[in-house]
Amino acid sequence: MLDLKNKKILVLGFARSGYSTAKILKQLNYNVIVNAYDDLSKDVHANELRDLGIPIIDGGHPLYLLDEIDLIIKNPGIKYQIDFLQKAIEKKIDIITEIELANTLFNVDMVAITGTNGKTTTTQMTYDILKQSNKDVYLAGNIGYPSIEVAYNHPNSLIITEVSSFQLEGTKYFRPSIAAITNLGEGHLDYHKSIENYRNAKRKIYKNQVDTDFLILNIKEKDKYNISEINSNIIFYDTKFNTDADVYIKDNMVIYGDVELFDSTKLTLPGLHNVENGINAAVIAYKKGADIESIRKVLYNFSGVKHRLQYVGENKGIKYYNDSKATNPVATINALSGFEKNVVLICGGQDRGIDFHELSPYLNRVKTMVVVGESADILKSLADKNNVNCIKAIKIDDATEKASKLAVTGDIILLSPACASWDQYKSFEVRGDEFINTFKKIQSEG
């Protein structure tokens, strides 16, 4: 267990995980204070913590706080480049994130899933299979439930966590019994500053694993890892017949050892990337005791996670899909790969300096692009170069209305932005909800 006795702990940042972390540490009789950049004077949860006797310093990050601090538990979204954290690093104060605290403080059995794309779908699939198999299992992490909260309330249960590069960046001792990296692409360069920094953060998921632990990797990405430095048992998978992999597909069946896990052609979700997600989930669940019947039942009926290539509905023979979670080009490529043609693509959002040209080979599936946000001009230029019809819209509601007027029976309207949402929306969830609500309005109008 993490030794916190006689340490003064600072919880930096105040989202749900910060609130849960501070409250639980106080309940365990640790010395904890909270610091947030925002004004928390009227925040209900902050006032609850004050009533529990937890000091809260808000409205900035004063450097004097570092004089007596032994450990910082940082909100994953706060960049290490801020002056406060740079001074903490100079003082050699340990800085960790809440998943590290949950994993080491309670010594729970934790499965951790990360990757540039597919981690949320894989996490949900894994949980659903294990739940279907009547296992004592809980969801946690980046999928919406703070790990510290789940670990505190269910210390003897199996916890399936979705972990982001932001969370992994702040780990020192984090050790999941099974880890999976769905893919290692490019993301969050505004935070990590380089592709290699981003990938190094992801690779931390297996840094502390030992030879009794397991790591699941796509064999196509083998060259992205220094295999000789990995101490855990690696399970490589492939989506074709390849006996160099531990898991492969033969005659449509996903084979692991001498076990047929599932039929890859029977998945509800479209696209090869969802076959990969299914393989990750099936292998993890199988290693944790799930039965084959449960694996197949869940995967054959899994209709998607909200905002992740979610089927919203049909109107006038036009199908609508909400993939608002696609915050980078690779995610949008994955979405487009699930459809052959006649896609009206709604895309655009915050311009983070990412090159969208990797979308080009997939734009022959797109009949029209409707672009929004800071990156609208860049995406319109890309559409023009690829001879794809393109129009501009203001926001997602406007874009959805315009797309519905352009589409005809047999078309697909796909919201898959390839960009973060923060130029116009608080989150990708808010952006996706606007798409769903606009669809419902269009449907009700006939």
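Helices (H or I, at least four residues) and strands (E, at least two) are DSSP runs, numbered from the N terminus. The views below come from a predicted model, in which local features need pLDDT of at least 70, side-chain atom pairs count only at pLDDT 80 or more, and totals for chains, interfaces and linings use all residues. Residues are numbered from 1 along each chain as its sequence is written, and side-chain values use heavy atoms, leaving out hydrogens and water.

**View A. What lines the largest cavity?** Here you meet Val11, Leu12, Gly13, Ser17, Gly18, Thr21, Ile73, Lys74, Asn75 and Glu98 (lining residues have an atom within 4 Å of a cavity point; a cavity is a set of points on a 1 Å grid over the protein atoms alone where a 1.4 Å probe fits but cannot get out). The space inside is about 50 Å³, a volume being what is filled by probe spheres set on the points, which are joined across faces, edges and corners.

**View B. Elements around the largest cavity.** Strand S1 (8–12), helix H1 (16–27) and strand S4 (71–74) each bring at least two lining residues, and H1 gives the most, with three.

**View C. Helices H10 and H11 packed together.** H10 (residues 272–287) and H11 (residues 292–301) meet at an angle of about 155°, their axes 10 Å apart (axes are lines fitted to C-alpha atoms over the stretch in contact, and angles run from 0 to 180 degrees between N-to-C directions). H10 is therefore roughly antiparallel to H11 (the term covers angles over 145 degrees). Gly278, Ala282 and Tyr286 of H10 make the contact with Ile292, Ile295 and Leu299 of H11 (contact means heavy atoms within 4.5 Å).

Conventions. Parallel < 35°, antiparallel > 145°, perpendicular 65-115°, else oblique. 1 Å grid on protein atoms, 1.4 Å probe; cavity = no way out; pocket = protein on both sides within 12 Å on 5 of 7 lines; lining within 4 Å.
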